Amino acid sequence: MALLVATAAIALLLAAAGVRSIALLLVGLAGLAATAAATWWALTHHGLLRVLSSALATVVPLAVLLYYAAVHLLWAALSALALGAVARLTGRAALGAEARPAGPPQQRTPPPEKPFLIMNPRSGGGKVGRFHLAERARELGAEVAVLDPAHPQDVAELARRAVAEGADLLGVAGGDGTQALVAGVAAQHDIPFMVISAGTRNHFALDLGLDRADPSTCLDALTDGVELRIDLGFVCDRVFVNNASFGVYAQVVQSSAYRDDKVGTILQQLPELLTHQSGPRLTVRAAHMLLDAPQAVLVSNNPYQVGDPAGLGRRTRLDSGALGVLGVNVDNAAQAVELLRGRHSRGLTALTADEVVVDADAPEIAVGVDGEALVLSTPVVCRIAPGSLRVRVPSGRPGVPRANPPTDWRALGRLAFARRNGASAG
């Protein structure tokens, strides 16, 4: 189907435009490149040049569409684009169906006898209260500690005290940063950890296959659950369940103005950070590779999907025993345009490693650890602890959403013809 739809897109352009289809393609590519370059200039400059670049990034796509309309081929161009998008989506689905990565093995274990849950009433806009999580957990026999927003508490110390008093499971209804702190205590004492998806983004819950729409379903793990063994990431001695970020993002979130004005703070600081006029110069060593002066680095507990834009920020495995590393190094508009090639761009580095060392020309650097802003001494060492965390999840959870691989037309061709030959032989 993917090959047929892609062929139909090409045939449509040729039938509607003939040799002019080459001009249509060239104009479209030029417009895309100009828009990317203008966007880069807007992000790396202040004042009038930013205004002009932003205007150019808006006008160029409109000019391309007007050109297509002027030659009476707008319908053909848009139809071909739509068919191309359908072909890519169908192709990714076909390749994804052929190669589904296995999740961590699950083991049925008896329910905990003395579970201890920590709940943050402010997380996710008040999901703890809205879904009556504390009341439901207590009905299921759990001891619940509801945090007081007016009096910040050390959740790791709270978890350690619970273990000392006999808790045989630790759980958290809160953000990923709180999840990570308590998960570290659970791993240290080798007792199960339970995630309740009451945060705002719930990235960790997503990759565990939990229901993010209704966090109360996560409590089913207390009575009917299975246990998974997954990895944990460490940045120095700090645990992370999702990722540690360095560079542009980590620098921006350090600003005291970021929480009140995220967009304004980003736009104010980006030009100097992207052009290395402010912030430390980073050096990253991982898997026998050296990344020199990247603007942004993301080190993740297991690698994120790179080829699927819809799945970026999603991990299909949490037990591969490897850190994922994504580095971005763009110094000019031409390199920004090249990022349109995605994973094949020279400005984007994607690899895996069991240890990553981030150094800088400064004694300390900003680090974002599961969304929490920290400042750590250099060099910063990130490592993976394979299978160190026992996670208890409901046996009837929705499951991890599948992120399809990038469209590989050669692989699709082999897959299509192999199937046809197999059917003929049968």
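**Overview.** Of the 426 residues in the protein, 46% are buried, where buried means under 20% relative accessible area, exposed over 50% and partly exposed in between (1.4 Å probe, protein chains only). This is a predicted model in which local features need pLDDT of at least 70 and side-chain atom pairs count only at pLDDT 80 or more, while totals for chains, interfaces and linings use all residues. Residues are numbered from 1 along each chain as its sequence is written, and side-chain values use heavy atoms, with hydrogens and water left out. The protein has 13 helices and 17 strands; helices (H or I, at least four residues) and strands (E, at least two) are DSSP runs, numbered from the N terminus. Contact means heavy atoms within 4.5 Å. Among contacts between residues at least 6 apart in sequence, 72% join residues at least 24 apart.

**View 1. Helix α2 (residues 20–43) against helix α3 (residues 47–70).** The two axes come within 7 Å and cross at roughly 165°, which makes α2 roughly antiparallel to α3. Axes are lines fitted to C-alpha atoms, for helices over the stretch in contact, and angles run from 0 to 180 degrees between N-to-C directions; angles under 35 degrees count as roughly parallel, over 145 as roughly antiparallel, 65 to 115 as roughly perpendicular and the rest as oblique. On the α2 side, the residues in contact include Ala23, Val27, Gly31, Ala38 and Trp41. Their counterparts in α3 include Arg50, Leu56, Val60, Val64 and Tyr68. The residues of the contact of α2 with α3 divide into 15 nonpolar, six polar and one charged (Ala, Val, Leu, Ile, Met, Phe, Trp, Tyr, Cys and Pro count as nonpolar, Asp, Glu, Lys and Arg as charged, and the others, Gly among them, as polar).

**View 2. Helix α1 (residues 2–17) against α2.** These helices pack at an angle of about 115°, with their axes 8 Å apart. Leu13, Leu14, Ala16 and Ala17 in α1 meet Arg20, Ser21 and Leu24 in α2. By class, this contact has five nonpolar, one polar and one charged residues.

View 3. Leaving out residues up to four places away in sequence, Val182 touches Ile118, Val155, Ala159, Leu170, Val172 and Phe193. Val155 lies 27 residues from Val182 in sequence, with a C-alpha to C-alpha distance of 6.8 Å.

**View 4. Thr109 in the loop between β1 (106–108) and β2 (115–119)**. With a relative accessible area of 16%, Thr109 is buried. Its side chain and that of Arg392 are joined by a polar contact of 2.7 Å; a polar contact is a pair of N or O atoms within 3.5 Å, and within protein one must be able to donate a hydrogen and the other to accept it, with residues adjacent in sequence counting only if both atoms are side-chain atoms. Neighbours within four places in sequence aside, Thr109 is in contact with Gly225, Glu227 and Arg392.

View 5. Most residues other than glycine have a negative phi, and most peptide bonds are trans. In the loop between β16 (372–377) and β17 (380–394), which holds Pro379, a cis peptide bond joins Thr378 and Pro379, with omega about -5°. Asp190, in the loop between α8 and β5 (193–196), has a positive phi near 55° and, at 38% relative accessibility, counts as partly exposed. His288, in the loop between β9 (282–286) and β10 (289–292), has a positive phi near 65° and is exposed, with a relative accessible area of 89%.
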